[in-house]
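Hi,

Here is the structure I promised to pass on. Have a look at it first, then read on for what I found.

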Amino acid sequence: MRHLIVWESNMKHLASATLLIIGLVFTFAPNAMAKKLSPETIPGATTVDTAKAKALFDKGVTFIDVRKDSDWDAGRVPGAKHIELKKKLNEASLSAVVKKDQEVVIYCNGPSCSRSSKASKKAVGWGFTKVYYYRDGFPGWKTAGYPVE
């Protein structure tokens with residue numbers, strides 16, 4: 001009988017511990033699994049939504065795609081220039097495409113992608129004065145039904 005009482009007591013502790021662990025998982029897991037969003041603004045750059053990006057596109061403003069090669073290969077804004085952030089973006093590579101006083105739109109894979117925010121910040125730091133940070137990026141462009149290549 002004593003073994004049964006000890007066993008029941010151990011099972012109660014195990015059940016309490018299990019409930020505590022489950023509670024902690026449901027409390028903290030969503031925050032840990034949530035994607036970090038890119039900043040909404042970049043000092044010195046102008047954040048644009050999809051409609052404004054399309055107006056700039058229609059005006060002939062240069063678009064810079066800073067996504068990785070495989071994303072670029074899967075589709076892009078027509079006529080965009082590809083300067084991959086981690087491998088190729090530097091002051092010289094950007095200056096080879098646009099002058100520092102020309103308008104330029106920088107994009108990547110939407111709000112969960114930080115490449116365009118980092119690239120926009122770099123461009124401003126290098127002295128580019130008309131940087132448009134297109135936070136919605138290629139997913140926003142496609143969702144709006146705008147042309148892609």
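Before the details, one term: a nonpolar core here is a set of buried Ala, Val, Leu, Ile, Met, Phe, Trp, Tyr and Cys residues joined through side-chain atoms within 4.5 Å. Please also keep in mind that this is a predicted model.

Let's start with the cores. The largest one has 18 residues, and the members that touch the most others are I64, V66, L94, I106 and V131. At least two residues of this core come from each of β4, α5 (115–125) and β5. There is also a second, separate core of 14 residues, with V48, A53, W72 and Y134 among them. As background, nonpolar side chains in soluble globular proteins tend to be buried together.

Now for the strands. β2 pairs with β4 in the parallel sense over 4 bridges, and in that pairing I64 sits opposite I106 of β4. β2 is also joined to β3 (residues 81–82), again running parallel, through 2 bridges; here I64 stands opposite K81. So where does helix α3 (residues 69–74) come in? Together with β2 and β3, α3 makes a right-handed β-α-β unit.

β4 deserves a look of its own. Of its 5 residues, 4 are buried, so β4 is largely enclosed by the rest of the structure. β4 and β5 run parallel and are joined by 5 bridges, with E103 opposite K130 in β5. To get from β4 to β5 the chain passes through α5, and this β-α-β crossover is right-handed.

Is E84 buried or exposed? The cut-off for buried is under 20% relative accessible area, and E84 counts as buried because its relative accessibility is 2%. A polar atom of the E84 side chain lies 2.9 Å from the backbone nitrogen of K86. Setting aside neighbours within four places in sequence, E84 is in contact with D65, V66, R67, K68, D69, L89 and R115.

Finally, helix α2 (residues 50–58). Its buried residues include T50, A53, K54 and L56. Looking down the axis of α2, the buried residues fall within an arc of 160°, so they line one face of the helix. What do they pack against? The partners are β1 (46–48), β2 (62–65), β4 (103–107), β5 (130–134) and α6 (137–143). On the face turned away from the buried side, you'll find the exposed residues A51 and D58. As for the ends of α2, D49 caps the N-terminal one, with a side-chain oxygen 3.3 Å from the backbone nitrogen of A51. After α2 comes G60, whose phi is positive, near 95°.

That's what I have so far. Over to you!

Conventions:
Residues numbered from 1 in each chain as written. Predicted model: local features only at pLDDT ≥ 70, side-chain atom pairs only at ≥ 80, totals over all residues. Heavy atoms only, no water. Buried < 20%, exposed > 50% of the residue type's maximum accessible area, 1.4 Å probe, protein only. Arc of directions from axis to C-beta. Contact = heavy atoms within 4.5 Å. Polar contact = N/O pair within 3.5 Å; in protein donor to acceptor, adjacent residues only side chain to side chain. Pairing = 2+ DSSP bridges. Right-handed = clockwise from strand over helix to strand, strands pointing away.
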